[in-house]
Amino acid sequence: MSSFLFFLFVMLGAALLQTSPLLFSVGGGWRVDLLLLVVVYASLFWGEQQALVVGFCAGLGQDALSSELLGTHALSKTLSAFVILSLRRHVHVQSLVAQELLTLTALLTDTAARLALMAMVHVPLWSLAVLAPALLQQLGLSVLLAPLVCQGLHLLTQPLRISPKHGTERVVT
Amino acid sequence: MRALTDRWKTLTLLLCFLVLSLLLITMKARMAQPVAVLETWLVAAVMPFQQAIVAAWRSVENVWQGYVDLIGVRNENLRLRRQVAELQAQVHQYREAYFQQQRLRALLALRTEMWPRALAAEVVGIDPSPWAEAVIINRGSRHGVRKDLAVITPAGLVGRTVEVAPSHASVLLVTDRRSAVDALVQRTRARGIVVGKSPQRCELRYVDVNEDLRVGDAVISSGLGQVYPKGLLIGTVVAVRRTPYQLFHEVEIQPAVNLAKLEEVLVLVP
């Protein structure tokens, strides 16, 4: 199986989970950006260009399924992927702490980029009192889930016999 | 040298994607046709899977509930285990069917009485954007749904359709920050605009400070704006704050519908 197909299925799976009313709900329920975690995984362990493509495609898919402006998540996730790609050279990506910190960085980049875009195109924003708890909840969930997602996806690549072409290092099982 | 070339390639790709994203945002803001086609295509590709998963999960849930009850029954009376298990499973099925029938009957009554062409729809997905308060329903343009149609339940107003694919549509909930509904306070007929404030609350804006507002007042749609028919219950007032020297009340509203537990809705096709 090619890495393209692998990521296509992974992104489809993440999108299905993320839109599932069985796992998440609107109205103040628990929400986590699983597609961002896939982008984090690709940016940590795969080639630079592959990671950017995954970031853009994951964002585009999320935009198409979302009621937000098309292109918003595509841009924010591409940027997040690039930020991680730039930082990963300076850290030991196998370390859990590094994975957590880079996930936090990706989430903050994604949030900041989307807020900036929304402000630019005059989309009304939530107040800080609403945004802050939602962001904290997302940070917590993302930090908890990021190593699991990385580990899970790494385990998936083994039987499928695919590996990063230009990635730096692989996660240790 | 190789590393430098790779770096340039990465930066070029990044630039291409950023420009493409900005282009898409601009096209979407101007409502260009190709963008709508792309969105429609993606929703049409993903949502049937989601619908199938939801249906399968609900079946498994029914069986699981039956199984859990079966364990209790087995301990209590071994001799009647098989019979009770069958009955329990049936009871669960009937109970679920009964509740569903009650909900559908309420929807049908509402539809027959007030909106004979209204469409019943099931919630099959939620918006993947963590900040968006929107759901996806299993009715689309093929069934007569179009953009900007009001969506309700017997309890009250849910929101309006914002994106429509052939067999699915996105519904922006009244609690979303982008939602705005022209409204009236039922008791005093004071006018204002209901906007999303947080995932569980709305806010009634632009109500004159001289208007008499009380906690518990019902807020209904005014019918202005061509999207929401007049008289739909939006919610009830849960807090009124009067700030000195302000022109308007600060009014907080609890939506009439429990948006976290939406299952079936009615799309008001005119």
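Helices and strands here are DSSP runs, numbered from the N terminus. With that in hand, let us look at several close-ups of this predicted model.

**Figure 1. Val121(A) sits in the loop that links H5 and H6 of chain A.** Is this residue buried or exposed, or something in between? Val121(A) has a relative accessibility of 32%, so it counts as partly exposed. If we set aside residues up to four places away in sequence, Val121(A) touches Leu69(A) and also Ile25(B). Now look along chain A to Leu148(A): 27 residues of sequence separate Val121(A) from Leu148(A), and their C-alpha atoms are 36 Å apart in space.

**Figure 2. Chain A and chain B meet through 54 residues of chain A and 59 residues of chain B.** The size of an interface is often given as the accessible area lost when the parts come together. For chain A and chain B, the buried area is about 5100 Å², and carbon and sulfur atoms give 70% of that area. There are also 17 residue pairs in polar contact between the two chains, with both residues at pLDDT 80 or more. Which elements of chain A give two or more residues to the side that touches chain B? They are helix H1 (3-18), helix H3 (48-65), helix H4 (72-88), helix H5 (96-120) and helix H6 (128-160). H3(A) gives the most, with 11 residues. Sorted by class, this side of chain A has 28 nonpolar, 19 polar and 7 charged residues.

**Figure 3. A salt bridge joins the side chains of Glu48(A) and Arg7(B).** How many salt bridges does the rule find across the interface of chain A and chain B? The count is 3. In the one shown here, the N to O distance is 3.7 Å.

**Figure 4. Ser222(B) lies in the loop between E9 and E10 of chain B.** Why does Ser222(B) count as buried? Its relative accessibility is 6%, and buried means under 20%, so Ser222(B) falls in that class. The side chain of Ser222(B) makes a polar contact with the side chain of Asp182(B) at 2.5 Å. The Ser222(B) side chain also reaches the backbone nitrogen of Leu224(B), at 3.2 Å. Apart from neighbours within four places in sequence, the contacts of Ser222(B) are Asp182(B), Ala183(B), Leu184(B), Arg191(B) and Lys230(B).

**Figure 5. Tyr206(B) and Gln226(B) are residues other than glycine with a positive phi.** For Tyr206(B), phi is near 65°. Tyr206(B) belongs to the loop between strand E8 (201-205) and strand E9 (218-221) of chain B. Its relative accessibility is 46%, so Tyr206(B) counts as partly exposed. Phi of Gln226(B) is near 65°. Gln226(B) is found in the loop between E9 and strand E10 (233-241) of chain B. Is Gln226(B) buried or exposed? Its relative accessible area is 80%, and exposed means over 50%, so Gln226(B) is exposed.

**Figure 6. Chain B is assigned domain 1 (1-30) and domain 2 (117-270).** How many Å separate the centres of domain 1 and domain 2 of chain B? Taken over C-alpha atoms, the two centres are 39 Å apart.

How values were computed
Residues are numbered from 1 along each chain as its sequence is written. Chains are lettered from A and ligands numbered from 1 in the order in which they are written. Side-chain values use heavy atoms; hydrogens and water are left out. Helices (H or I, at least four residues) and strands (E, at least two) are DSSP runs, numbered from the N terminus. Buried means under 20% relative accessible area, exposed over 50%, partly exposed in between (1.4 Å probe, protein chains only). Domain bounds come from an automatic or database domain assignment. Contact means heavy atoms within 4.5 Å. Buried area is the accessible area (1.4 Å probe) that two parts lose on being put together, summed over both. A salt bridge is a side-chain nitrogen of Lys or Arg within 4 Å of a carboxyl oxygen of Asp or Glu. A polar contact is a pair of N or O atoms within 3.5 Å; within protein, one must be able to donate a hydrogen and the other to accept it, and residues adjacent in sequence count only if both atoms are side-chain atoms. Ala, Val, Leu, Ile, Met, Phe, Trp, Tyr, Cys and Pro count as nonpolar, Asp, Glu, Lys and Arg as charged, and the others, Gly among them, as polar.
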